[in-house]
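Here is a short report on one protein chain. Look over the sequence and the model first, then read on.

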Amino acid sequence: MPAFHIPDSEFAERRAKAQAMAKDMGLDALIVWSRSGHSVEAYGDLYYLTNFVSLFPCVPDRRTWSSRGHGALILPVDGDPILVTDYLDDPEDRIKVSDVRAEPDLAAGVVDVLKETGLLGGKLGMVGMMSFLVSALRRMEDHAGQRLDLTDADHILDRLRVIKSPAEIALMRRSAAVGVKWMEATMGAVIEGNTEGDAVGAGLAVLAANGGTQQDIAIASGPDAQHYMGSSGVPHWNVTRPLQTGDLVHIDQWGPVNGYYTDFARSTVVGGKPSDGQRELLDGNIALIHHIIASITPNRTTFGDLYRTGTKWLDDNGFANHKSTGDETNNFSRLFPCFGHALGLGIDGPWIVDDEETVIAPNMTLASEALVSKPGVGASNFEENVLVTEKGAEILTADCNSRFWA
C-alpha cells in the first residue's frame, strides 16, 4: 500500500524548482503568501512548499497583530527558505523548513526577515496574490519605511502544482476514495422526512472519520432543485423543509483529505423512482460528463477543447448551453460558464472554459462537472474526478454509484 504522505526530499525539490523559475524571471526572492486559518480555500501554495498551514482564525488586524490566519515563505533564489507564521503549534512535526519564525504581526515579521537577508530593496516575486490583502501590503511598507518592489509570480506555483508527482497521485487516489464514502453516506440519508441538513450531517461524520474536512457542500432539492444551492444563507443547505418522495436532489461536495481535494457531484430522486423527465435529465448529465472525459487526448487536447466538446454535446442533445435564455439554471450557468477545473491542493486552475488553451498532460488531475436542467423538471449536477494518464483519462471516482435510483 502506498504511503499517504509527501517525502521530505520532494518538498526540497519543489522549492529548488521554484527558485530556478524565479531566478529566470530576474527575481531576488519569492514571497509565498497563503491564507488558511479557519478556511481551507487558499493554503495550497504554502503547503506545497512547506507542508504548513496556519491554524489561527482569520481575524481583523490590531496594533499588536496582523494577517492572522495567514503564513509566508521567503524563498531567496540563492539561499535558504524562511517560514514566517502567525501561530506555531506543531505537535506532529509536520513543517519541512528548518528556519521557522512565529510572529503574531506577520506583515512586520516578513519585513524583518527581508531586512535580515538583505532582500528588502530587491525584486520580489509575490505568490498568492488572491490571499495578499491591501492591509498587509500597507503594514509591510509602513514597517519597512519604503515601497516594496513586488512582481506577480503566481504562475510559478501554478505550473509546478498542476503536474502531480507519484506521491501526490497516491494522495489524490486516497482523497477520491474517501470522497466516494462521503458521497455514499450523504446520499444514503437522502430519504423522505430528512432535511438537506440531515443528509449533509450524515456525510460529514464519515468525512471527518476518514481524515477529511469540507470546504463546502452545495445541495438543492425539490422546489429549489433548479438552483445550485438550497439556501443562499450560511450554511448553504436547507434545514427546515423535509425531503419528499419524488424530489429531485443534487449534491456537490468538496474539501481536502490529508491536504488533497476530493470534489464531485451526484444527483438522485427521493424514493429512487424518477419521472421520465427526471430520468432524461439525470442520464443526460452523466452522459455529458463522460463524453467530455472520453475526449481527452493527452498532450493534444486543451482545456478549451473540453469546454467546446461539452457545449456541442448540450446543443446536439437538446440541453441548454451556458448562453441559453430558456435554461432554468441560466443564472448559475451564465455566471459559471465552465465544465470543471484542475484539482489538487484546492479547486485549482486551469479551468475548463472557452478561452483556456493550456494543453492537458499526463499526471494532471481534473474535476469535470456540469449543472444542467430541463424546463419544468429542475436541475441535475454530475461531476467526476479524473487522473490524466499517458493513454487517456482514468476516473478516480468511478467506484461511486452514478445512478442512485432504480
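Residues 24 or more positions apart account for 69% of the contacts in the chain with a separation of 6 or more. Contact here means heavy atoms within 4.5 Å. This is a predicted model: local features need pLDDT of at least 70, side-chain atom pairs count only at pLDDT 80 or more, and totals for chains, interfaces and linings use all residues. Residues are numbered from 1 along each chain as its sequence is written, and side-chain values use heavy atoms, with hydrogens and water left out.

The chain holds 10 helices and 14 strands. These are DSSP runs, numbered from the N terminus: helices are H or I with at least four residues, strands are E with at least two. The radius of gyration is 22 Å, which agrees with the value near 22 Å for a compact globule of 406 residues. That radius is taken over C-alpha atoms, and the globule rule is 2.2 Å times the number of residues to the power 0.38. Along the principal axes, the C-alpha atoms fill a box of roughly 70 × 45 × 45 Å.

## Surface and charge

Of the 406 residues, 54% are buried. Buried means under 20% relative accessible area, exposed means over 50%, and partly exposed lies in between (1.4 Å probe, protein chains only). The chain exposes about 17100 Å², and carbon and sulfur atoms supply 51% of that area. Accessible areas come from the Shrake-Rupley method with a 1.4 Å probe; for residues, only the protein chains shown count as cover.

There are 34 positive and 55 negative side chains. The centres of the two sets lie 1 Å apart. Lys and Arg count as positive, Asp and Glu as negative; His and the chain ends are not counted. Each charge is placed at NZ of Lys, CZ of Arg, CG of Asp or CD of Glu.

The largest nonpolar core has 42 residues. Those with the most contacts inside it are Leu-30, Val-32, Leu-73, Leu-83 and Ile-156. Helix α6 (residues 166-188) gives the most to this core, with five residues. Another core lies apart from it, with 31 residues, among them Ala-225, Leu-282, Ile-289 and Phe-319. A nonpolar core is a set of buried Ala, Val, Leu, Ile, Met, Phe, Trp, Tyr and Cys residues joined through side-chain atoms within 4.5 Å.

Take Leu-30. Beyond its neighbours within four places in sequence, Leu-30 is in contact with Ala-18, Ala-22, Leu-73, Ile-74, Leu-75, Gly-125, Val-127, Ala-153 and Ile-156.

## Helices α3 and α4

Helix α3 is largely enclosed by the rest of the structure, because eight of its 11 residues are buried. They are Leu-106, Ala-107, Ala-108, Gly-109, Val-110, Val-111, Val-113 and Leu-114. These residues pack against β1, β2 (70-76), β3 (82-85), β4 (100-102), β5 (123-127) and α4. Just after α3, Gly-118 takes a positive phi of about 75°.

In helix α4 (residues 134-144), the buried residues are Ala-136, Arg-139, Met-140, Glu-141 and Ala-144. Their cover includes β1 (29-35) and α3 (106-116).

## Two loop residues

Ala-42 sits in the loop between β1 and α2 (44-50). Its relative accessible area is 23%, so Ala-42 is partly exposed. Ala-42 and Gly-346 are 304 residues apart in sequence, yet 7.1 Å apart in space, C-alpha to C-alpha. Setting aside neighbours within four places in sequence, Ala-42 is in contact with Ser-34, Arg-35 and Ser-131.

Thr-195 lies in the loop between α6 and α7 (196-209). Thr-195 counts as buried, at 10% relative accessibility. Its C-alpha atom is separated by 55 Å from that of Asp-24, 171 residues away along the chain. Beyond neighbours within four places in sequence, Thr-195 is in contact with Asn-238, Val-239, Thr-240, Arg-241, Pro-242 and Leu-243.

## Backbone details

Which bond joins Val-234 and Pro-235? A cis peptide bond, with omega about 5°. Pro-235 is in the loop between β7 (216-221) and β8 (248-257). The peptide bond from Gly-349 to Pro-350 is cis, with omega near 5°. Pro-350 is found in strand β11 (residues 347-351).

Ser-67 is a residue other than glycine with a positive phi, near 55°. Ser-67 lies in the loop between α2 and β2 and is buried, at 7% relative accessible area. Asp-93 also has a positive phi near 55°. Asp-93 lies in the loop between β3 and β4 and counts as exposed, at 59% relative accessibility.
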